[in-house]
Amino acid sequence: VISVPALTGKRDCTIFVGNVAYDVQETELMELFSSIGEVVAIRAVKDRDTKSVKGYAFVDFVDPGVAQAAITRLNGIDFKGRPLNLQKADSGLLKASAANTRPAQGQGVASVGV
């Protein structure tokens with residue numbers, strides 16, 4: 001995870017990024033989205049066992065206007081050979097992502113993107 005602040009509850013500042021290449025690095029996503037505006041955090045969701053990217057990520061921006069600008073400017077662009085699918089993250093997507101970060105029984109705390 002790049003810049004790992006806790007979710008602030010500002011869902012209007014968080015976007016869902018679908019169709020992410022499985023070999024993407026969070027630094028590559030940071031470079032892309034930082035070109036639009038200030039990014040607070042990026043979470044490329046990874047499989048708990050294989051640590052491979054599952055094909056989607058969440059990007060938190062400092063401002064909802066920047067989040068909307070990212071959706072407008074980057075939705076559908078080809079990134080690493082795949083067209084990105086960007087939309088505002090809703091509470092269901094965020095909850096699903098959080099559920100994916102729970103540690104396996106008997107293990108320590110896990111974090112998305114680690």
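This report describes the sheet, the helices and selected side-chain interactions of a predicted model.

## Sheet architecture

Four strands make up an open sheet, and their order across it is E2-E3-E1-E6 with antiparallel pairing. The edge positions are taken by E2 and by strand E6 (85-88), each of which pairs on one side only. From one strand to the next, the twist averages 20°.

The antiparallel strands E1 and E6 are joined by four bridges. Glycine 18 has asparagine 85 of E6 standing opposite.

## Helices on the sheet

Helix H1 packs on the sheet, where H1 touches E1, E2, E3 and E6. The direction of H1 makes about 140° with that of E2.

Helix H2, formed by residues 64-74, also packs on the sheet. The strands touched by H2 are E1, E3 and E6, and the direction of H2 makes about 155° with that of E6.

## Salt bridges

Side chains of opposite charge can pair when their charged atoms come close. In this model the count comes to three salt bridges. One of them joins the side chains of aspartate 23 and lysine 80, with an N to O distance of 3.5 Å. Aspartate 23 belongs to the loop between strand E1 (14-18) and helix H1 (26-34), while lysine 80 belongs to the loop between strand E4 (78-79) and strand E5 (82-83); the pair therefore ties together parts that are 57 residues apart in sequence.

Lysine 80 also meets the side chain of glutamate 28 in a salt bridge, at 3.3 Å from N to O. This pair links distant parts of the chain, with glutamate 28 in helix H1 and lysine 80 in the loop between E4 and E5, 52 residues apart. Lysine 80 counts as partly exposed because its relative accessibility is 35%, and glutamate 28 counts as partly exposed at 27% relative accessibility.

## The aspartate 60 site

A further salt bridge is formed by the side chains of aspartate 60 and arginine 43, at 2.6 Å from N to O. Here the pair links distant parts of the chain: aspartate 60 lies in strand E3 (residues 53-61) and arginine 43 in strand E2 (residues 39-46), 17 residues apart. Both aspartate 60 and arginine 43 are buried.

The side chain of aspartate 60 is also in polar contact with the side chain of threonine 14, at 2.6 Å. Threonine 14 is a residue of strand E1. With a relative accessibility of 4%, threonine 14 counts as buried, as the cut-off for that class is under 20%.

## Aromatic cluster

A pair of aromatic rings is described by the distance of the centres and the angle of the planes. Across the whole structure, a search finds four aromatic pairs. In one of them, the rings of phenylalanine 16 and phenylalanine 58 have centres 5.7 Å apart and planes at 65°, so the arrangement is edge-to-face. This pair links distant parts of the chain, with phenylalanine 16 in strand E1 and phenylalanine 58 in strand E3, 42 residues apart. Phenylalanine 16 counts as buried at 11% relative accessibility, and phenylalanine 58 counts as buried at 0%.

The ring of phenylalanine 58 also pairs with that of tyrosine 56: the centres are 6.1 Å apart and the planes lie at 85°, so this pair is edge-to-face. Tyrosine 56 has 22% relative accessibility and therefore counts as partly exposed. Through ring pairs, Phe16, Tyr56 and Phe58 are linked into a cluster.

Tyrosine 22 is located in the loop between E1 and H1. Its relative accessibility of 51% is why tyrosine 22 counts as exposed, since the cut-off for that class is over 50%.

Leaving aside neighbours within four places in sequence, tyrosine 22 is in contact with Val53, Lys54, Gly55 and Arg82. Between tyrosine 22 and glycine 55 the C-alpha to C-alpha separation is 5.5 Å in space, although the two are 33 residues apart in sequence.

Notes:
Residues numbered from 1 in each chain as written. Predicted model: local features only at pLDDT ≥ 70, side-chain atom pairs only at ≥ 80, totals over all residues. Heavy atoms only, no water. Salt bridge = Lys/Arg side-chain N within 4 Å of Asp/Glu carboxyl O. Helix = DSSP H or I, 4+ residues; strand = E, 2+ residues; numbered from the N terminus. Buried < 20%, exposed > 50% of the residue type's maximum accessible area, 1.4 Å probe, protein only. Pairing = 2+ DSSP bridges. Axes fitted to C-alpha atoms, helices over the stretch in contact; angles between N-to-C directions. Contact = heavy atoms within 4.5 Å. Phe/Tyr/Trp six-rings, centres within 6.5 Å; stacked < 30°, edge-to-face > 60°. Polar contact = N/O pair within 3.5 Å; in protein donor to acceptor, adjacent residues only side chain to side chain.
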